[in-house]
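Open your viewer and keep the selection tool at hand. This tour tells you what to pick next and what to look for there.

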Amino acid sequence: MPTTLSAQDPAAAAQPRAAHQQDRQRQAGYAARLDGVSKSFGRPGAQQQVLDGISLDVAPGEFVTLLGASGCGKSTLLNLVADLESPTDGTIEVPGGRPALMFQEHALFPWLTAGRNIELALRMRGVAKAERRQEAERLLELVRLTGAYGKRVHELSGGMRQRVALARALAQDSQLLLMDEPFAALDAITRDVLHEELTRVWAETDVSVLFVTHNVREAVRLAERVVLLSSRPGRIAREWRVDIPQPRRIEDAEVSRLSVEITEELRGEIRRHGQH
Amino acid sequence: MASTETERPPESGASPAGGAQGAERDDAAELAGLEAGLDALDTRTQARTPLARTLREKALPPAVAVVLVLALWQSAFALELKPDYQLPSPLMVWDALAEEWYKGTILGVVWQSVSRGALGFLVALVVATPLGLLVARVKVVRAAIGPVLSGLQSLPSVAWVPAAIIWFGLTDATIYAVVLLGAVPSIANGLVAGVDRIQPLHLRAGKVIGATGLRGVRHVLLPAALPGYVSGLKQGWAFSWRSLMAAELIATSPELGVGLGQLLETGRVYQDMPLVLGAILLILLVGIGIELLLFAPLERRVLRNRGLLAAR
Ligand SMILES: Nc1ncnc2c1ncn2[C@@H]1O[C@H](COP(=O)(O)OP(=O)(O)OP(=O)(O)O)[C@@H](O)[C@H]1O
Ligand SMILES: [Mg+2]
């Protein structure tokens, strides 16, 4: 367990991810594997198929964005990977242990301070009491929120909440970080700032990210690979590799060029629905 | 915040962009400045209201109301609407209480009732909490006893007194049984309501960070349900106190000692109206006092911590 590991070796405390989980992921060669995953909602007879035959690998350390129109099943897909729901068909493997999930709303616990929210995740992971405080402060520093430890959730701004939520997700020390439109409700400047934070954190750790958005530019700005989902039922329509070197900016010409191409494809997908 | 970024030695910041060290450092500084600005713009601060204003807004209105009631009472007495053995003046009631005070028994009487009420309430708490959790979280249990539990809340607990006397005789058990039957349903129902009002998002977030099973109950479910739970507690105390008075009033016996209910009954037996009114006042004062000193601050604290109070 992570506790014993970090208790014996102070150097390991800075990067206390359970070694065996990392090994398992490396052996598997993927951080998550979805194989023919389908999901339907509703009673038998009046079923609505939301996802159909999704097969997708996320490589260790890879940053993948999932793109699709509203209601195409992106959140459902993340919930399946996070084991909050179970697939109707197909299999999902996450060899690195329980993934961290950052919800569209911050989902912080309002009865705890920012720091305590993070510490609860640490505690659930099994980090010893003596180390929690320090580790929480380190994570807050990582998202540049030094000094927010004792703040109540309602005392924080929207952007700060999202950053605390990011810190809490990182506190889980999962191999896989699932993010469901985490920045959708923010103004453009705050979002840019958080994009930079996220890219930096991702580059500094070896976490894999599966990031959902319906914002094409955001997808291109962040990802190594963009996966486009079609709607009703959700299937994988197309994929793009993004070879633009980081650090990128959302207004970069190359980001714009690829975004235009992807948007065109997305429009095509949506138009296809109008035809039947 | 910016200093940690700029003081970092160049070799540790090996960037994919190669030689763009200086530019990147500027970027980091700019980013930090931008963030500080955004945070400053967005952060809410709450100033505490000064004491004088709190007193004026919170303490003055009830004080005025009390004075008004006393004045009405005194004038009714002065007009002799009723003979004074039926309607004594405020001063006569005060004298009756003072007499009890000089006899040296009154504190014992109040303590007798308060300690019973508190003990009964604590036992009710211990019984009602797991019961409420079961009803809230286990479908079968909810279907089985949920309706009964909320029905019990509207049954005046004085109705249990005859039954309790037949079961337990004129003993403390009778009194505690009545208190429990009064308080347990409201505490349990409060907890059920609290759990029902939890945002599903918080439960999912709890599951994601690994707070499942009993750890989930302790770290997510109970704290999330706390606002409903606390109002259940508040109501539970009111019910405990009410049931206790009903029980004490009916179940009088030398072995049971003298509580406020028995004091009231004594007053009735001796046709001593000032004592009766004095006892009623004491019962009211204890009920209000505990509510104001214990439950109101508790509730306010819970709500303020969650930012639910400022909106009012
Ligand atoms: N629990 C549920 N029961 C029934 N239907 C559901 C449930 N959850 C989702 N759906 C349906 O599944 C479809 C996909 O929902 P989902 O939330 O995954 O969409 P999304 O791609 O995340 O959309 P958005 O971009 O607007 O967040 C929707 O049509 C929705 O109505
Ligand atoms: Mg969604």
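The stops below go from chain A to chain B.

**Before you start**

This is a predicted model: local features need pLDDT of at least 70, side-chain atom pairs count only at pLDDT 80 or more, and totals for chains, interfaces and linings use all residues. Residues are numbered from 1 along each chain as its sequence is written, chains are lettered from A and ligands numbered from 1 in the order in which they are written, and side-chain values use heavy atoms, with hydrogens and water left out.

**Stop 1: chain A as a whole**

Select chain A. It has 10 helices and nine strands. Helices (H or I, at least four residues) and strands (E, at least two) are DSSP runs, numbered from the N terminus. Chain A has 276 residues, and 56% of them count as buried. Buried means under 20% relative accessible area, exposed means over 50%, and partly exposed lies in between (1.4 Å probe, protein chains only). Now think about contacts, meaning heavy atoms within 4.5 Å. Take those in chain A with a separation of 6 or more: 70% are between residues 24 or more positions apart.

**Stop 2: two helices in chain A**

Two packed helices are described by the angle between their axes and the distance between the axes. Select α5(A) and helix α6 (residues 129–142) of chain A. They pack at about 120 degrees, with axes 9 Å apart. That makes α5(A) oblique to α6(A). The axes are lines fitted to C-alpha atoms, for helices over the stretch in contact, and angles run from 0 to 180 degrees between N-to-C directions. Angles under 35 degrees count as roughly parallel, over 145 as roughly antiparallel, 65 to 115 as roughly perpendicular and the rest as oblique.

Which residues meet here? On α5(A), show Gly115(A), Ile118(A), Glu119(A), Leu122(A) and Arg123(A). Across from them on α6(A) are Arg132(A), Arg133(A), Glu135(A), Ala136(A), Leu139(A) and Leu140(A). The residues of this contact divide into five nonpolar, one polar and five charged. Ala, Val, Leu, Ile, Met, Phe, Trp, Tyr, Cys and Pro count as nonpolar, Asp, Glu, Lys and Arg as charged, and the others, Gly among them, as polar.

**Stop 3: salt bridges in chain A**

Stay on α5, residues 114–125 of chain A, which holds both Glu119(A) and Arg116(A). They are three residues apart, about one turn of the helix. Their side chains meet in a salt bridge (3.4 Å, N to O). The term means a side-chain nitrogen of Lys or Arg within 4 Å of a carboxyl oxygen of Asp or Glu. Glu119(A) is buried at 8%, while Arg116(A) is partly exposed at 45%.

Next, go to helix α8 (residues 188–204) of chain A, where Arg200(A) and Glu197(A) both lie. The closest N and O atoms of this salt bridge are 2.6 Å apart. Buried or exposed, what is Glu197(A)? It is buried, at 0% relative accessibility. Arg200(A) counts as buried too, at 18%.

Then select Glu62(A), Arg225(A), Glu239(A) and Arg241(A). Salt bridges link these four in a network.

**Stop 4: chain B**

Select helix α8 (residues 172–196) and helix α10 (residues 213–250) of chain B. They pack at about 160 degrees, with their axes 7 Å apart. The two are therefore roughly antiparallel. Their contact residues divide into 15 nonpolar, 10 polar and one charged.

Last, find Lys234(B) and Glu299(B), whose side chains meet in a salt bridge (2.8 Å, N to O). Lys234(B) is in α10 and Glu299(B) in helix α12 (residues 273–305), 65 residues apart. Over all chains, the count comes to 19 salt bridges.
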